[in-house]
Amino acid sequence: MMSHRKNLKWMSLGSIVIATVIVAALNLLLANNYRRIDLTRDQIYTISPELQNIISGLKDKATLTFYASQKLPPQYVSAERFVEDNLRELAEKSDGKIIVKLEKIGTDADDESRLAKFGINRLPVGIIERDQQSITNIYFHIRVQYGPRFHVINMPDESGFEYQLAHAITKVTAKTRPRIVFVQNDPRFDFLDTIGSLLGQMGLKDIYEVISLKVEEDYPLVIPARTELLVLGKPIDFRVQELFEIDQYLMSGGQVLVFAQPTDFQNPLLMFEQDHKDWRYNFYEVLDGYGLRIRPELVEDYGSALPIPVGGEGNQAARLPSPILPIIHADRFTSETAILRDTARLLLPMAAPMEFLPVSKAPEFYAEYLMHTTEQTALQVAPEFNLGLSPDSEPPADAELASHPVAAILAGPMRSFFAGKPQPDALKIESTRSEYQVLQRQAEGFVFERRDVAEPGARVTVIGSGMMYSGTMLGNLRRLDPYLYGEQASFLANILESTTVGSDLLSIRRKQITTPVFREDLTDSQRSFARFANTFGVALLIAIGGIGRFFWRKGHLKSLRRRYVK
Amino acid sequence: MNATYQIFAKELRGFLNSPAIYIFLTVFLVLSGAVMFYLRNIFAEGAATMAPYFGAAPAVLLIFVPAVAMRLWAEENKIGTLELLMTLPIRDWEAVTGKYLASAVVVVAAIVLTLPMPLFIASFAKEATPVDAGAWISGYAGLIFTGLAYLAISEAISAMTRNQIVAYIIGATACFVLTWVSQPSLLYYMPDFLASIMGWLGIAAHSQNFSRGIFDTRDFFYFLSLIFLMLFITVRVVESRRWR
């Protein structure tokens with residue numbers, strides 16, 4: 001009898017062990033044959049058709065190797081699975097054009113020296129060990145190899161993973177990079193340095209050929225051949241020949257982006273110490289000719305009670321008194337234009353309002369305001385700015401609070417500023433740099449043919465703030481609010497991508513997790529009701545139901561007892 | 001199958017007639033709401049999302065589910081009705097499945113009763129930034145799978161003991177351990193081999209994808225496997241009374 005019981009016991013335990021082994025084996029088998037269904041609205045965890053499109057254009061196979069340390073800190077464990085899953089999915093959808101390799105890197109010195117040849121080195125990350133913060137060095141890189149060219153993605157992250165991949169693939173496979181020319185003709189301004197470092201940080205210099213041109217007395221503006229986008233940062237007076245150069249570049253179907261500045265000062269706190277020049281530089285007259293007027297006022301935002309530090313020395317850091325800086329929120333973006341995608345708010349220091357002028361009735365002519373300030377903005381007329389405001393300032397009694405357009409776009413058959421006017425004499429080139437540019441342009445067979453009406457593709461985008469990308473402003477912005485800084489950077493990248501690399505990369509970059517936010521018009525009582533209803537309301541109903549059920553059952557049992565128990 | 005249904009119906013009636021279940025449900029709903037609106041205060045945070053709830057709900061289920069399951073077998077054991085049940089022409093697996101399904105209805109109903117929360121949030125969200133319903137559905141699916149896994153574990157524990165309180169404490173502890181064993185901060189200190197096993201074993205690692213909006217067949221089969229294995233163990237434990 002004892003023996004039979006023992007047998008049953010061992011059989012029972014044995015069956016549990018066998019079932020566990022079978023279940024584990026099945027799971028192991030399925031680990032390599034799995035399917036992922038992305039239920040998110042924007043398919044944010046699925047390789048997009050745009051990336052597949054980029055890959056389908058590859059002539060040869062690209063190899064993506066993911067290097068991860070054997071021992072990853074906790075915060076990278078789920079990221080590792082995410083990267084591996086996405087790379088496998090990419091390989092599956094690539095029609096054999098992408099080969100994915102996964103490599104776990106331990107402490108082998110050979111591995112380290114092999115990877116160092118590709119510029120792949122351990123990167124420091126913070127961990128908490130025995131209640132102490134410490135640093136550990138890990139491998140978490142993807143190498144994208146295409147023929148002899150390669151690009152390394154350091155620390156791929158979930159939110160921008162697909163863009164990082166697309167960017168890397170575009171970089172290693174591109175034959176020519178779109179050329180963007182940044183022009184600065186105000187010697188006091190740091191536009192070029194800031195833009196340069198920002199593009200570098202964002203990795204955009206890998207995709208674009210960026211040319212910076214500082215226009216000075218001895219170096220007149222010569223727009224290089226194959227320029228896809230001409231960016232004018234806070235333009236002041238140009239020589240008439242330079243205006244003609246810009247105008248004819250646009251008329252030949254070029255694209256111009258202007259960061260306009262309404263006032264002629266660098267540090268607004270010092271404005272009263274500087275001679276106040278009439279700010280209407282001649283380039284703004286050219287814009288008038290195209291149909292957009294930058295107005296001479298300054299937009300002052302009483303809705304943004306945020307003091308912004310703007311530099312200074314030591315503990316004498318000056319703070320730009322608010323309200324002065326319009327912070328434009330997404331609900332004031334009036335256009336679905338690609339350049340505003342993923343941008344929830346923007347800071348436009350010293351913003352200028354603008355208005356369209358009735359210059360063209362051509363049906364193809366396109367003019368649209370891109371963003372408006374909040375309703376809480378007033379205009380101050382130069383040179384009577386009153387900057388002695390504090391965060392709790394009230395608008396002046398006579399100030400008319402209203403929303404103002406601060407960015408606009410013009411496209412289509414614009415009329416040349418020089419139409420009907422004689423062509424300016426050619427500028428005498430004296431500098432070797434400009435001479436070299438002219439020669440290079442001639443060598444590339446590129447000549448402007450004089451046109452009075454713009455060719456298709458011509459586009460002028462004007463942002464009413466030249467300080468938007470000044471070093472002081474961005475530096476302080478990054479310290480003050482990294483999120484807002486990120487938005488400014490996204491905005492710049494959007495402009496560049498929408499005008500140059502086409503829609504694929506832009507679509508991929510905008511594919512990210514957008515956090516829905518609550519309506520601003522929610523009242524306190526609505527919020528309180530939601531809180532109460534969800535925390536106690538349903539619970540209360542269940543409790544009442546339970547009590548009702550209890551009494552009903554009590555009565556029911558009583559009646560049964562009355563009926564059957566005598 | 002008919003026997004399974006009979007057990008299912010009897011157990012469900014038992015739940016409906018038990019005042020304790022209404023108390024557990026009430027506590028579960030209050031805790032769920034409190035997580036969203038008081039502990040995290042999503043209105044102050046400004047994001048119209050269910051992420052805080054999906055993050056904290058496994059902990060709330062950890063309190064609720066073992067309470068639902070504790071009486072399944074421990075009570076029968078204690079008052080001696082298990083012997084009676086064993087004499088009926090019902091197979092062990094039918095009894096185990098019937099009881100599991102009845103308590104699963106309670107767990108799923110509890111989760112479904114929190115649905116006003118996403119409805120409120122969706123109606124309060126800005127039109128320009130609509131909520132991601134797909135991700136929420138996936139998050140709720142993840143919660144249901146987590147709840148059902150907890151239930152299977154707790155039922156197995158309940159079958160092993162005669163005392164409901166003991167069943168509750170051990171059940172909740174087992175669920176807790178199985179959930180947090182895959183926490184990356186824990187895995188970091190484990191040897192590689194053990195870390196890879198524990199990383200796969202933990203419930204939290206498999207519910208994470210659901211709350212992000214991804215339905216992954218590996219996670220789905222993990223939950224199915226866990227539930228099957230726990231019910232299998234329960235059947236063996238119940239069966240052991242015949243030869244003990």
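Analyst: Here is how the terms work out, starting with the ground rules. This is a predicted model, where local features need pLDDT of at least 70, side-chain atom pairs count only at pLDDT 80 or more, and totals for chains, interfaces and linings use all residues. Residues are numbered from 1 along each chain as its sequence is written, while chains are lettered from A and ligands numbered from 1 in the order in which they are written.

User: What makes residues of chain B count as in contact with chain A, and how many are there?

Analyst: The C-beta atoms, placed from the backbone, have to lie within 7 Å. By that test, 59 residues of chain B touch 54 residues of chain A. On chain B's side, α13(B) gives the most, with twelve residues.

User: How do you know that β1 of chain A and β1(B) pair, and in which sense?

Analyst: Pairing takes at least two bridges found by DSSP, where a strand is a DSSP run (E) of at least two residues. β1 of chain A (residues 36-38) and β1(B) have three bridges, so they pair, in the antiparallel sense. A:Arg36 has B:Asp216 as its bridge partner there.

Definitions and conventions: Two residues are in contact if their C-beta atoms, placed from the backbone, lie within 7 Å. Helices (H or I, at least four residues) and strands (E, at least two) are DSSP runs, numbered from the N terminus.
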